[in-house]
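Hello,

Here is the structure I promised to pass on. Please open it first, then read my notes below.

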Amino acid sequence: MKAMIIDDEPPARRELRRLLTGFPWVEVVGEAGNIDQAAEMVETLTPELLFLDIQMPGGSGFDLLTRLEDVPQVIFTTAYDEHAVRAFKVDALDYLLKPIEPARLAEALSRVRSAHAARVPPPNAVLEQIFVRDGSRCWFVPLREVRLLTSEGNYVRLSWGKANPLLGRALAALEQRLDPNRFFRANRRQIINLDFIESVELGVNGRLHAQLRDSPEVEISRRQARLFKTKMSI
Amino acid sequence: MNDAERPITQQKSQLVYWIFQLTGWGMITLTRFVAGVTVLDLAWPRLLLELLLVNTLGLALSHWLRDFVRRNGWRALPIRKLSWRILVASFVCGAPIGIVTQLTYLSALHDPELFLREYAPALQFQFALPFAFALEIVNWAFIFIVWLTIYFTAVALREHRSAQFKQSELTRALQLAELRLLKSQLNPHFLFNALNTVRSLIADNPARAQNAVTRLANTLRYSLTSRQDELVTLSQELDIVADYLELESMRFEDRLRIELHIPDDAAGVRIPVMLLQTLVENGIKHGIAELPSGGLLRISAVLQNEILILEVENPRPPARTRMSAHEGIGLHNARDRLRLLFPERASLELDLTKPAVATARLRIPVQK
């Protein structure tokens, strides 16, 4: 498994590298000392796991994640910002307190490994999870759990669980990286997750009304309705 | 107020009370005696005897009244409730002593017949005797009203003063507490990062790791044992700053460069403990640590007209324009501490006039 260490303190990077020698299945493919460097390296090296410090020059670890298109698995490493990590409503991640306890590292890595093993590799270029920051809260959002994506100007509102975070990307750009088997463009402003459809009703003028679980009704425009029928073979 | 002071204050107030009592009653006795002898031409030995008797009774009654008032907690009463109680008590005390006075020779001091003829000619003479008693009672009641009024005023004044004293004690205690809070504690972030560095060095460079542990111990000891209002010499403070910077250099490696300019005459000036340390920490936290390539941290001192000017200069990240927010809690606390330790005469400013550089400038008067 390809991993990257992102921390601004060289001794901290060396220490983590040394600790990771005990886990031969983790291959450290790169190290970065700030988030600009890190963003570049993540794009080219495509690591599957990040060890990410929170306080860094030029921007925090969270800033890095919001910049990344596709977010790999993340283990936060922090000296003291434990509360910062816990404050975010993130359950899809782990954090390690520095100095890192080898046993805790082993635990975190075994969780990463089992999550990795359970994962069905998605078709090329399809986004699996994104990192969203809305105000002071952050989420790792697995896209398959998103019911509805609604365009709001240059932003996209995600209907996900009980939260509706706002993502700083345009809907058109995001659409290209969504799994076409799962997501369907309902109208100019909305993309729906087919897994969440409860019922579909005929409307006037050849439009369709889709009822999504835990969401308001979504209208499927006339043009898209034809596509929808073909796709769902109705 | 502590326990050792309490009896002395009480003794003192007891003495003041008796001085007032004796003076007051002595004055009444004296004026009546002079008036009796000169105006009414009374025989002075008997008059003196009777006056002493009656006024001692008055003194005893007023003393008992004070006791009574204290036992019944009249001090705590609101003015309105107190007023009518004073009135009733004054008449209750005034009655017996008024009657006694009327029965003695002193009655001559208030001649009811004369009074009646003068002011109320219509009144029947057989009412003269009861009227004389009533007059004497009212007269005495009035004296007790005055006495009680003076007493309660004195009590109120004393309580006000002690409340003020307590208030100033409280203010001082608050200031100390405030100082305790403001005195910069070592940043826990630094502490855990330093420990992580040490862990790393144990494998990389054991000798450096040993050095780091010693420096960390020094820094911790200094931070934990110094008192909040303590002053230390600049060179003492610089020793600990050097330890701290050595540890930070191990963390940041070549991202942190340090320059020191301390003239000999400035090294002995006394400054609040941990204050320079706070500025240096601030410079690292908001300057070096925020910049991917780090930079130069410069500490310099100048002694000018009995004022020590200390400067900590660090590069500042370009994106930071809202400097007041950036200034952070460290500088804010340092400024509050200065204000408490040297009201008006010391200052701390963050100078952002130079491009890409932040300078924290501290001015402290030389302490004799």
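**Notes on the model**

Asn305(B) sits in the loop between β4 (295–304) and β5 (307–315) of chain B. Helices (H or I, at least four residues) and strands (E, at least two) are DSSP runs, numbered from the N terminus. Before going on, note that this is a predicted model, where local features need pLDDT of at least 70, side-chain atom pairs count only at pLDDT 80 or more, and totals for chains, interfaces and linings use all residues. Residues are numbered from 1 along each chain as its sequence is written, while chains are lettered from A and ligands numbered from 1 in the order in which they are written.

Most residues other than glycine have a negative phi, and most peptide bonds are trans. Asn305(B) is not a glycine, yet its phi is positive, about 45°. Is Asn305(B) buried or exposed? Asn305(B) counts as exposed, because it has 7 C-beta neighbours inside 10 Å. The cut-offs are these: a residue is buried if 20 or more other C-beta atoms lie within 10 Å of its own, exposed if 12 or fewer, and partly exposed in between, with C-beta atoms placed from the backbone.

Ala356(B) also is not a glycine and has a positive phi, of about 60°. Its place is the loop between β6 (347–351) and β7 of chain B. Ala356(B) has 12 C-beta neighbours inside 10 Å, so it counts as exposed.

In chain A, look at Lys98(A) and Pro99(A). A cis peptide bond joins them, with omega at about -5°. Pro99(A) is in the loop between β5 (94–97) and α5 (102–118) of chain A.

**Chain B at a glance**

How many helices and strands does chain B have? The count is eleven helices and seven strands. Chain B has 368 residues, and 29% of them count as buried. Take the contacts in chain B with a separation of 6 or more: residues 24 or more positions apart account for 75% of them. Two residues are in contact if their C-beta atoms, placed from the backbone, lie within 7 Å.

**Helix packing in chain B**

Start with helix α7 (residues 206–225) and helix α8 (residues 234–252) of chain B. They pack at an angle of about 135°, with their axes 9 Å apart. That makes α7(B) oblique to α8(B). Angles under 35 degrees count as roughly parallel, over 145 as roughly antiparallel, 65 to 115 as roughly perpendicular and the rest as oblique. Axes are lines fitted to C-alpha atoms, for helices over the stretch in contact, and angles run from 0 to 180 degrees between N-to-C directions.

Which residues of α7(B) meet α8(B)? Among them are Ala212(B), Leu216(B) and Tyr222(B). On the α8(B) side, the partners include Ile240(B), Tyr244(B) and Leu247(B). This contact holds seven nonpolar, two polar and three charged residues. Here Ala, Val, Leu, Ile, Met, Phe, Trp, Tyr, Cys and Pro count as nonpolar, Asp, Glu, Lys and Arg as charged, and the others, Gly among them, as polar.

Helix α6 (residues 188–204) of chain B packs on α8(B) too, at an angle of about 65° with the axes 10 Å apart. Asn193(B), Ala194(B), Thr197(B) and Leu201(B) in α6(B) meet Leu247(B), Met250(B) and Arg251(B) in α8(B). By class, that contact has four nonpolar, two polar and one charged residues.

**The end of chain B**

Val366(B) is in the segment after β7 (357–365) of chain B. Val366(B) counts as partly exposed because it has 15 C-beta neighbours inside 10 Å. Val366(B) and Ile307(B) are 59 residues apart in sequence, but 5.5 Å apart in space, C-alpha to C-alpha.

**A two-sided helix in chain A**

Now find helix α2 (residues 35–45) of chain A. Ile35(A), Ala38(A) and Val42(A) are buried there. They cover an arc of only 50° around the axis, which puts them on the same side of α2(A). The arc is that of the directions from the helix axis to the C-beta atoms. Glu40(A), Glu43(A) and Thr44(A), on the other side of α2(A), are exposed. The buried residues of α2(A) pack against β1 (2–6), β2 (27–32) and α3 (61–67) of chain A.

**Where the chains meet**

16 residues of chain A are in contact with 20 residues of chain B. Helix α1 (residues 10–20) of chain A gives the most to chain A's side, with six residues.

Best wishes
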